[in-house]
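Here is a short report on one model.

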Amino acid sequence: MEVVGWWEYLEVVNLKLPSLIQSNFFEWQKTKFPSGFYFCMLQILIYMVGTAGSGKTYLTKALADWFDYKNLENVIVNLDPGAENLPYNPEIDVRDYFTLEDVMLNYGVGPNGAQIIAADLISTKIEEIKDEIEYYDTPYVLIDTPGQMELFTLRESSNLLVDTLGKERSVMVYLFDPVVAKTPSGFLSLLFMCSSAVFKLNIPQIQVLAKADVLSEEEVERILSWSLNAEEIYQSIHQAMERNISLELFYLLRDLGLFRPLMPVSAVENLGMEDIYDGIQELFYGGEDLEKILF
Ligand SMILES: Nc1nc2c(ncn2[C@@H]2O[C@H](COP(=O)(O)OP(=O)(O)O)[C@@H](O)[C@H]2O)c(=O)[nH]1
Ligand SMILES: [Mg+2]
């Protein structure tokens, strides 16, 4: 039996992952291919998303190292054309197609204009990036997105990219900047921002409290309690701000499913990598480890 890429197979049967899981697809697949060959190694795309300086690039490196340590094959995609001194060597790099400097020279614009043009230019290289990713065919693809979050989340080219690479195999790791998340109003703002990323890109999200090593234990606990409880953050905001904010707003956020436990992570201390991995397994395989399902 020839190895069939999972994406080709999905195209043939036209099924989406959730229905595969519900229909006990993996069990069916084992009976279909009793020789022990299981083709369906789902290639999962992990997008790192967060505000500028929140730690996306360093978390990409730390997670890739952890995957390597666990013998989980992975590749890194750098989507930041302005990246300098990356801590990792990306297998796939948008800078191979163009850099921020190229854009500034060719279009006669400054760095801000170039960032926006570059974000849109990515849409012209999607097929090439897709081919490169599929050439590697590793179960995990870590995608480091451009510095400023809005360059990725608000541009139409990102929707096109996520769609073309495959929404059904995509997850976003959203990084809460620890310094911003420390204050109640900062935390609430980040909650709005991460929900805007979900609305725009329409893929599942794992929320992490980045650089947790720079916070005290009490600060981490307080931020985690806000992420779990609408009333808790409402009370804190009420105390800290002069203005009245309706409790209904917090209930709305809660009912939209935005209050989810934040995972503290640190690229410096290698904290939380397993939690991210478990979160991904939970999303795609209902908590079962991939290997347990396939073998
Ligand atoms: N203390 C600490 N610093 C970090 C951590 N991750 C990143 N940084 C630092 O934060 C800065 C921004 O990180 P970077 O990953 O480039 O952010 P990005 O703009 O979101 O990609 C860098 O100077 C990193 O050294 C972390 O887990 N702990
Ligand atoms: Mg970066």
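## The sheet

Seven strands make up an open sheet, ordered β3-β2-β4-β1-β5-β6-β7, with parallel pairing. β3 and β7 (263–264) lie at the edges with a single partner strand each, so one side of each has no neighbour in the sheet. Two strands count as paired if DSSP finds at least two bridges between them. Helices (H or I, at least four residues) and strands (E, at least two) are DSSP runs, numbered from the N terminus.

The model is predicted: local features need pLDDT of at least 70, side-chain atom pairs count only at pLDDT 80 or more, and totals for chains, interfaces and linings use all residues. Residues are numbered from 1 along each chain as its sequence is written, while chains are lettered from A and ligands numbered from 1 in the order in which they are written.

| Strand pair | Sense | Bridges | A bridge pair |
|---|---|---|---|
| β2 and β4 | parallel | five bridges | Asn78 and Asp144 |
| β1 and β4 | parallel | five bridges | Met48 and Asp144 |
| β1 and β5 (residues 170–176) | parallel | six bridges | Met48 and Val173 |

Val75 also has a bridge partner in β4, namely Val141.

Helix α4 packs on this sheet and touches β1, β2, β4 and β5. Its direction makes about 165 degrees with that of β4. Axes are lines fitted to C-alpha atoms, for helices over the stretch in contact, and angles run from 0 to 180 degrees between N-to-C directions. Contact requires C-beta atoms, placed from the backbone, within 7 Å.

How many residues of strand β1 (residues 44–50) are buried? Seven of the seven are, so the rest of the structure largely encloses β1. Buried means 20 or more other C-beta atoms within 10 Å of the residue's own; exposed means 12 or fewer, and partly exposed lies in between, with C-beta atoms placed from the backbone. Side chains in a regular strand alternate between the two faces of the sheet. In β1, Ile44, Ile46, Met48 and Gly50 point one way, Leu45, Tyr47 and Val49 the other, and all are buried.

Strand β2 (residues 74–78) is mostly covered, with five of its five residues buried. One side carries Asn74, Ile76 and Asn78; the other carries Val75 and Val77.

Ligand 1 is surrounded by 15 residues. The closest are Gly55, Lys56, Thr57, Tyr58 and Ala267. Near here means a C-beta atom, placed from the backbone, within 6 Å. Helix α4 (residues 56–69) supplies the largest share of the shell, three residues. By class, the shell has five nonpolar, seven polar and three charged residues. Ala, Val, Leu, Ile, Met, Phe, Trp, Tyr, Cys and Pro count as nonpolar, Asp, Glu, Lys and Arg as charged, and the others, Gly among them, as polar.

Gln148 sits in the loop between β4 (140–144) and α8 (149–153). Gln148 is partly exposed, with 18 other C-beta atoms within 10 Å. Not counting residues up to four places away in sequence, Gln148 touches Ala52 and Gln115. Gln148 and Gly53 are 95 residues apart in sequence, yet 8.2 Å apart in space, C-alpha to C-alpha.

## A helix pair

Helix α13 (residues 230–240) packs against helix α14 (residues 247–255) at about 145 degrees, with axes 9 Å apart. Ala230, Ile233 and Tyr234 of α13 meet Leu247, Phe250, Tyr251, Leu253 and Arg254 of α14. These contact residues divide into seven nonpolar, no polar and one charged.

How values were computed. Two residues are in contact if their C-beta atoms, placed from the backbone, lie within 7 Å.
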